[in-house]
Amino acid sequence: MKRYSMFAVAREAMRFHRGWERAWRSPEPKKRYKVIVVGAGGHGLATAYYLGKVHGITDVAVIEKGWLGGGNTGRNTTIIRSNYLQDPSAAIYEKARALYEDLSQDLNYNVMFSPRGLLMLGQTEHEVRGYKRTVHANRLQGIDTEWIGPQEVKDLVPIINIDGPRYPVLGALLQKRGGTARHDAVAWGYARACSDMGMDIIQKCEVTGVRTEGGKVQGISTSKGEIDCEQLAIVVAGHSSVMAEMAGFRLPIESVALQAWVSEPIKPCMDVVVMANTVHGYMSQSDKGEMVIGGGTDGFNNYTQRGSWHHVEETTRALVETFPIISRLKMLRQWGGIVDMTGDRSPILSKTPVEGIFVNCGWGTGGFKAIPGSGYGMAELIARGHSPLTDQFGLDRFKEGRFIDESVAAGVAH
C-alpha cells in the first residue's frame, strides 16, 4: 500500500484550500445552458466532466445549494470495490473501479487512490454461502475476487480476532484491487477539470423550482434567478425525491441517515479494508493513522447529517470484539450523510416522465465507490439517449418487476 508522509498530506490540504478559495468565487449563472447538473457532489461533477471529455458538451452548469463536495461525497468512509452479484451492478462498479486506477493521471490531481485490498468477512454459514456465490459470479463477470479461509484472513489482518464468541470469522471474500481514495480530492479533482473546460460551478445557489411546458423541461428557478436549459440532470442523492416532486413526478426512494466516525490517530496496524456485514461494521486506517469506522443506516427515514448514537454503540461493540486492539481508542469525530434507498438496493440512472430531465439517485450506501462509473454512464445517457452501463437501471424496472437485488452485496443496506 502506498503511504503518504505528513508533509504530503499537508501539501494536499493546502491545495484543497487554494482550490476552495478559487471555486468559492462562483460565477453568476448565464441565462441559458445546454445542460444543467443539479448537485456538485462526486456523481454530479463526474457527470459534467465526462459530458465534456467524452462527448464534447461543455455548455454545462453545475448547481449546488451548499458547497462543493459538502454532501455525501465528503461524508463517507471512502471504500472502493466492485464485488457485486448481479451483472448490471458488477459492470458499473467495475467500470468505476477501473477508472479510479488512473483517475489521478486523468484529472492531473492526486486523489490518493490506494488499492490496498478489501475483505468482506463471512461470519455465519448463510453469509459464507452468499459470498461464495458472489465469487463465482465475479469470475463469470471478469472481476478478480476470491474466497479465503480464516487463517488467510488472520495473515492479512494480524490484529483481527477470528475466534469471536458471537460471530467467528469463517472466511472472507477478498478483492485485491479494492481499496480507498481521498473523498475530498475526488470532488476537487473533477471540479477543477470541469472548470478548466469552461463549465460553471455555481455554489450557494438553491433550486426552488423546475419549470416545464408541454411535458418538456424549460429550466429551473433558483435563489440566484431563473436559468433555462435544454437538459436537466438531477444528481442530489437523499434530496432526489424533493426535486422530483418539483418536476411533477415521484421516485421510489427513501432517505435515511448513514453515519461514520474516526478514532484518534495511531501507528499503522491495518493495511486492508475490512467489512463485517453481519454486525454492520467496517473499518480501514487512513493515511493519517485514524481508524475509519462505518455502521448501518438508521432504522427510520430522516434528513439528519448526524445519525443515531445507538448505531455508534452497537457497531463499536461489535468491532471491539473483532478487533480487540481498538478497545481503548478515543473517538475523534463523527458525522452522517443522507442516503437514498431503493427497494432493490440498486441505483436509478434514468430518463424521467418529463422530457429532457434525467435522474441519478438510489445509490444507498454504495455511492462513493461508483462515482466515476456513474458519471461516465450518466453522461452517455444524457448525450446519446442511452448507455449500456445504465440501461438496466431505469425507472421502468419497478413497474415491470425487473429488480436488481443487491441486498447482500450492499452489506449495510438490508
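## Before you start

Residues are counted from 1 along each chain in the order its sequence is written, and side-chain values rest on heavy atoms, with hydrogens and water left out. Since the model is predicted, local features need pLDDT of at least 70 and side-chain atom pairs count only at pLDDT 80 or more, while totals for chains, interfaces and linings use all residues.

## Aromatic rings

Let us begin with the rings. The structure holds nine aromatic pairs; rings of Phe, Tyr and Trp (its six-membered ring) pair if their centres lie within 6.5 Å, and planes under 30 degrees apart count as stacked, over 60 as edge-to-face and the rest as tilted. The centres of the Y100 and F368 rings are 5.9 Å apart and the planes stand at 40 degrees, so this pair is tilted. Y100 sits in helix α3 (residues 87–101), and F368 in the loop between β18 (357–361) and α10 (371–384), so that the pair links distant parts of the chain, 268 residues apart. Helices (H or I, at least four residues) and strands (E, at least two) are DSSP runs, numbered from the N terminus. Both Y100 and F368 are buried, where buried means under 20% relative accessible area, exposed over 50% and partly exposed in between (1.4 Å probe, protein chains only).

Which residues do ring pairs link into a cluster? They are Y49, Y50, Y190 and Y376.

## K95, over a ring

K95 lies over the face of Y376, at 4.2 Å from the ring centre; a charge sits over a ring if NZ of Lys or CZ of Arg is within 6 Å of the ring centre and within 35 degrees of the ring normal. K95 belongs to helix α3, and its relative accessibility of 28% makes it partly exposed.

Leaving aside neighbours within four places in sequence, K95 is in contact (heavy atoms within 4.5 Å) with G373, Y376 and L389. K95 and R166 are 71 residues apart in sequence, and their C-alpha atoms are 37 Å apart in space.

## Two packed helices

Two packed helices are described by the angle between their axes and the distance between the axes. Here helix α2 (residues 42–55) and helix α7 (residues 183–196) pack at an angle of about 35 degrees, with axes 9 Å apart. The axes are lines fitted to C-alpha atoms, for helices over the stretch in contact, and angles run from 0 to 180 degrees between N-to-C directions. The crossing of α2 with α7 is left-handed, a word used if the near helix is turned anticlockwise from the far one by less than a right angle; clockwise is right-handed.

Which residues meet between the two helices? From α2 come L45, A46, A48, Y49 and Y50, and from α7 come A187, Y190, A191, A193 and C194. By class, this contact has ten nonpolar, no polar and no charged residues; Ala, Val, Leu, Ile, Met, Phe, Trp, Tyr, Cys and Pro count as nonpolar, Asp, Glu, Lys and Arg as charged, and the others, Gly among them, as polar.

## Positive phi in loops

Most residues other than glycine have a negative phi. M112 has a positive phi of about 55 degrees although it is not a glycine. M112 lies in the loop between α4 (103–107) and β4 (118–122), and it is buried, with a relative accessible area of 6%.

A237, also not a glycine, has a positive phi of about 50 degrees. Its place is in the loop between β11 (225–234) and α8 (240–247), and A237 is partly exposed at 24% relative accessible area.

P115 is found in the loop between α4 and β4 and counts as partly exposed, at 28% relative accessibility. Not counting residues up to four places away in sequence, P115 touches K176, R177, G178 and G179.

K288 has its place in the loop between β14 (281–285) and β15 (291–297) and is partly exposed, with a relative accessible area of 32%. D391 lies in the loop between α10 and α11 (396–400), and D391 is partly exposed too, at 39%.
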